[in-house]
Amino acid sequence: MKLKFNGILVLLLVLVTQLTFAQERAVSGTVSDNSGMPLPGVSVLIKGTRTGTQTDFDGKFTIKASTSQILVFSYIGMKSQEVSAATSTINVKLKDDSVELEGVVVTTALGIKREKKSLGYSSTTINSEQLNRASQGNVADALKGKVAGVTISSASTDPGASSGVIIRGFSSLSGNNQPLYVVDGIPINNGSTYSDSLNGGYDFGRGSGDINPEDIETMSILKGAAATALYGSRAASGVILITTKKGKAGKLDISFSNATSFTEILRTPKYQSEFGQGWNGQHFLGENGSWGPKFDGVVRPWGNVVDNSQLIKPYSFQKDQLEHFFETGTNALNSLSISGGNGDSSVRLSYSNSQQDGIMPSNADQFERNTLGLSGTSKVNNITITGSLNYVNTGGSAVATGQGLTVMNDLMQIPTDIPITEFKDYNNKFHNVSNYYTPYGVTNPYFTLNENGSKYAKDRIYGSIEVKADINKWSNIIYRFGLDQSSESLAVWEERVDAAPGSPNDGSSTEQPGSYGESKTIAKQINHEFLYNLDLKLSTDLELQSSFGFNMNQRTGSSISGTVGSQDIAGFHSFDNSTENAKATSNRTERKLYGIYNSTTVSYKNQLFLTTTLRNDWYSTLPEENRSVLYGGINASWAFTDTFPGIKDVVNFGKLRANYGETGVDTDPYQILPVYVKGDIALGFGNLTYPFNGINGYEVGNRAANPDLKPERRKEYEFGLEASFFKNFINIDVSYYDSKVVNQIIALPLAASTGYTSQTANVGTIGNKGFEGLVTFNWIKPKSTGFGWSTTVNYSTNNSVLEKLDPRLGQLNLGGTSAIALIAKEGSPLALIEGNVPERDPNGNIVVDANGIPVTSTQKEVYGDTQYDYTMGVGNTLSYKNFSLDFSFDIRQGGLMFSRTADITRFTGNSITTTYNNRQPFVVPGSVTKATAADGSVTYTPNSTPVDIEHQDDYYSAAALGRETVIDKSFVKLREVVIGYEFPKKLLGTSPIQSLSFSVIGRNLFLWTPKSNQYIDPETSTFGTDLRGQYGEFSSNPSTRSIGFSVKANF
Amino acid sequence: MKNISKILTIIFSIGILTSCDGDLDVNTDPNTPGNITPALALASAEASIISMTGGEFANLGGFYAQYYTQAPSAGQYDLLDEYNLSTSFGDRAWNELYSGGLNDLKYVQTEASKDGNTGQFLIATLLQSYTFQVLVDVFGDVPYTEALGGVSNINPRPTPGDEIYKDLLVKIDAALAAYNSKPVASGFGTQDVIYGGDMTHWVKFANTLKLKIYLRMAYTPLANPAAVQALLAQNNFITADAAFAKFGTELSQRNPFYEVNLSSSPGLGDINHIASNTLLQFYQLNNDPRRDAVYRPNTATIPAYLGLDQGNGENLTNTAISYARPNIVAQTPVYLLSVAESNFLKAEALIRYSGQVGAKAEYDLGVENSFRAYKLPVTGAAVLTGAGGAYEFAPGLPTEQAVRQVIVQKWAALANLNNIEAYIEATRTKFPEVVPFGTQDYSIGNRIPSRTSILTGTTIPSILFYPQNEVDRNTSIKQRTSITQKVWWDQKN
């Protein structure tokens, strides 16, 4: 209540203030730069008020002010200046803001503000303006291509889908490499709600996606162990520190923004345009592929005969067949905030609404997010109380990915000559599930799209309370409490596919009994933090800052879920709508962490800084003997331009930094003790699960106990240089780091002959070495000419290597399928893709079978690794007067990924890659046949059997040629183009609008990929946004480009 | 102010002190029980074993014994039907049998020993022996003496198959002896899905299993006529099928072959398996009514029972519904040992080691019990085995020819019931013979090389690759070079 009351007070105050000043008169003058050139568009503000104006083209201004007031002159790239309004003519010269970098204040771990130059580690800070320039609804997406050493991967551009952030490569084999998000000093949940099921995957986003980007004041990315040691295990993959906007004293600020954009499909697999429906070179009307004869344009019947009639169409290629299926999607993001405050209190209230409807021609892919945030702070005597509360409500529907009856799988098995949009009326007698043209495990995509579905909803509350007491001038004590609680519900259903008795598809594998599943999940995190901070000036040159802290963190979760394997009444989805009983399961988890820590910085002459951190954690998830873990770090920073001011003409600011740090990492709950589990046998497709027929079964779990489990330990050192040359003409920020995570904890796969299939164990070491650099060129500073141009280039390379692996293990399987797997091997990059290859004779010739098709070797081979060789972002900002143009490229080079889109379009003969030799018979070059005699002796004979048209489909889908389904995932994307216009103050005149801007925004406008990728946007993944996601995609939904506009106004 | 800092210091210290222990002991999984009973583990073990022998292996055996072949216009098992198996083919069965069935049986044995329950120990030992025998029969030499040791030995070396066989007999005899000297009822009740915990049945099972093990050694130097004769003299073999017959009709409760291959969800939808002419023609040419029990008629046109020559599936105008398909439903039991099989084992033993005396009677009974298993009137069997019938036992033939009659009938009696055993026995005895396509006589029981075989001549696979998972994880296992290598007992030329 108190906070709200303050808000009203602020309102009143502002009104009163405006009424009191009466003795104003006009003050005028000219503003120029150092060289005397007049500066247009300089903001002139009366300090402590919202009254202001701008200079005109000649740098002149006029404003009404009283003699006691102070004018503030500010301009981008220049140092702000304050001048008393005592005289009525004021001419001002603004100076270049050459010490920009030096003065930057950043928030460090623990929420303590520091001058950036005191940091001995790499930290990138993104401010609100940079973050929201392109009006991205998701904070992680907004970072894409902007921060060196940080790779943002979006599972897809489906509405609401998650975006993952990987900082300096993969450091954990366990599969969680996401940074810890800390909002105003409190860690929040960043879990992902997704399924990577091969038979119907979905993605409903990550916890970080719940943050309203407009609420963010600054966002700092802490990359190394030294920077993150104070957050303990959870920060081992980096920290993203978010400071939210607060109300500012003396101002009532209302801001509103709207961003509306339209999305369309970015990339579809390239189809061949010469051959149509059929198989083995013949025209079969039931085939789900394009292995038929060459197009001849002749009008022929197609589809099944229904009621003695049949459809006809020309036998010719359908251009942009897939594109026609999709429609234009829409995104709208609206946000509103009101903030203000008086001397010691401030308050801010914000609301945002994001609505997305994807490109599927239905509402089956849509997402909505509402966020409501309230924050306030008040100081009474020496105690400051700050609080924030956020309520987030998200919900939506996703279209399943994967094999089986999914929209994409249905679509990709439509021959190149069939117009997809014909199927739109899926109740039409020719196109319903009974008579759909093919019986081969796929059906009308419109049926799948409209009748299968999902519904997701989440309510989340997170917030914090901070009480800070200043004990004396040099020390204070802080208590912070954080809470993050969310409840999610998810329902997923598949409609029954029941072909009418006697219809063409009756008894085919397309028929499905349907299914329904629903789950409810509650997650809760509580965090307590005590801090004692002191800041002592030991002598004129020596200063000491130190913080002592105690942290308690508890995370609990519970879920219940049920499934039922059939659905009866069409169009209705429920557990009850089945001949079977639903099966339910439940799960509860709890974990705790206690930590005590200290961080101490000693600075000498404000140019040499040394910081040490030390922390001890106690983890509930580790065995009692190993649960206490001590670690820490040391970092140093030297602002050498302060030591040698003589070089400032060339190097106007320079700082060297070096650090070493360690972090301990624990594991998931319940990994140590043996367990007994329900009798449940996986059959490959389906399970045999107790209880049934009155019998129950429990078994010895397949995970062996591990009472000796130790924590993982990340050890990292880093060197860096920040420097600005020639009055900030060039700014550079480069780092080199070398980190190792030893005692990697993973589910160590055990040979089943041991009686177990896994053990949670310490198995190896991952090393990450990398270089990251950020260079900014301020080609033309936006001043006299009104034209400005700067370019930012960030570049990073990271080499993740599994340096050591338990010698008992040959390799580690990280995911994928049995044919093509994601694996890790000692001494090799993380992670590798391994798959089938053709068998070869001793001379290296490919062994083929009786049809001339390569035979699969019993030995799999590594195709290559999944890592980018380098990633790069190039951004340009151009401005002319009130116009600005920003455009950025995201460049990623190297790495492999599996693509089921490649696999399936090669299987169906739709892919442009399936027309080698114009589909005429060809002999696999240098092939041999193999004969094994009864005595086991083997002879090889040169092969003369060509792969004839009847077997070309077998050739293109041969297991031996699995390498063809693994593509180079390099790309260059025109990530963002933003054209902005800021309305001049003059135009706004006396309207209540303080500032108004308008932008046109394009995103992912162009995509360039290497020749081997004729299929997809290589950013897509259906295996989540972490290590497993490196495997690739399993019939993902297509990604999009978007074009839109935004309006931002401040009142 | 001083007070506040004092209070906070105290809270601080208390926090740190209490943090270390007690409060952090929250790492016992609340979602799983702290302990279970041997009865619960036994039910799980039985389900693990039958899920594999009646699922993965029933599929493998179905193709290799030439009961089924791959349907046209589908291709899930193309590679299997071509003998072009990948090394990961055996992964699931191997994992489930070792870490599921055998590990649970080990638990039952441990608990039974503690409780002095000789009945429970015997049942666990028998199922364990059964499982190891299957593992040897399809994978060759497998980890045995070093197996199931948990993390104390994560690279168990394989034990030669003949040594495993010898030891299985020792273990069975020891468990039997312990039970006989101090019989304790298992008390498993319905948790023993196979025999309801009835020890009488399990003792009979022990003898039948031993007979099966001994006969597998028939072509090897380990053949032991005296032991077989002793078993025959004791004549205490199974009188009730050892079958897992409590499947339900709902999802996750159904016959594993049905769930995976015939159900449309989560299974593959009944589009891959169709009748192979090898068995279909055998039944048909001999007017054997079992045709209608083993296969379902097609739903399209005449003839109702259409099959394809093994591996001849590259015909795109048809789908599975045009052919006869395996008649397996959700509740079809999975058999570990059937009475008919026991009859044929005895018949072979009598032929080999008792001068064929009584062999015909067991042979006839075998066919009769096969009809019973398929729920057909036994009069049909009598017609076939009676004088002048197609299957009339010819007495006095040389041993191998006499055995041939038994094995061909056993092959015809195991379809859908124990496909993998039919394949293993065919590998051991070379009956029904594999003959070049075109020269086969389906009526007498002839197999052909798959029409899409990638192997030469009449070679068909005689062993599986070691599962890729095991090779990847167990450094003591070296992948074999070929699936034409031989299991240790495969010594007949």
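## A first look at chains A and B

Chain B has a mean pLDDT of 93, and 95% of its residues reach 70 or more; pLDDT is the predictor's confidence in each residue, from 0 to 100. This is a predicted model, in which local features need pLDDT of at least 70, side-chain atom pairs count only at pLDDT 80 or more, and totals for chains, interfaces and linings use all residues. Residues are numbered from 1 along each chain as its sequence is written, chains are lettered from A, and hydrogens and water are left out of side-chain values. The model scores ipTM 0.94 and pTM 0.85.

**Chain A as a whole**

- Chain A has 11 helices and 60 strands, counted as DSSP runs (helices H or I, at least four residues; strands E, at least two).
- Its radius of gyration, taken over C-alpha atoms, is 32 Å, close to the 31 Å that the globule rule gives for 1051 residues, so chain A is as compact as a globular protein of that length. The rule is 2.2 Å times the number of residues to the power 0.38.
- The C-alpha atoms of chain A fill a box of roughly 105 × 70 × 60 Å along the principal axes.

**A helix pair in chain B**

- Helix α15 (residues 399-413) and helix α16 (residues 419-429) of chain B pack at about 160°, with their axes 9 Å apart.
- α15(B) and α16(B) are therefore roughly antiparallel (angles over 145 degrees).
- On the α15(B) side, B:I407, B:K410 and B:W411 make the contact (heavy atoms within 4.5 Å), while α16(B) brings B:E421, B:A422, B:E425, B:R428 and B:T429.

Notes
Axes are lines fitted to C-alpha atoms, for helices over the stretch in contact, and angles run from 0 to 180 degrees between N-to-C directions. Angles under 35 degrees count as roughly parallel, over 145 as roughly antiparallel, 65 to 115 as roughly perpendicular and the rest as oblique.
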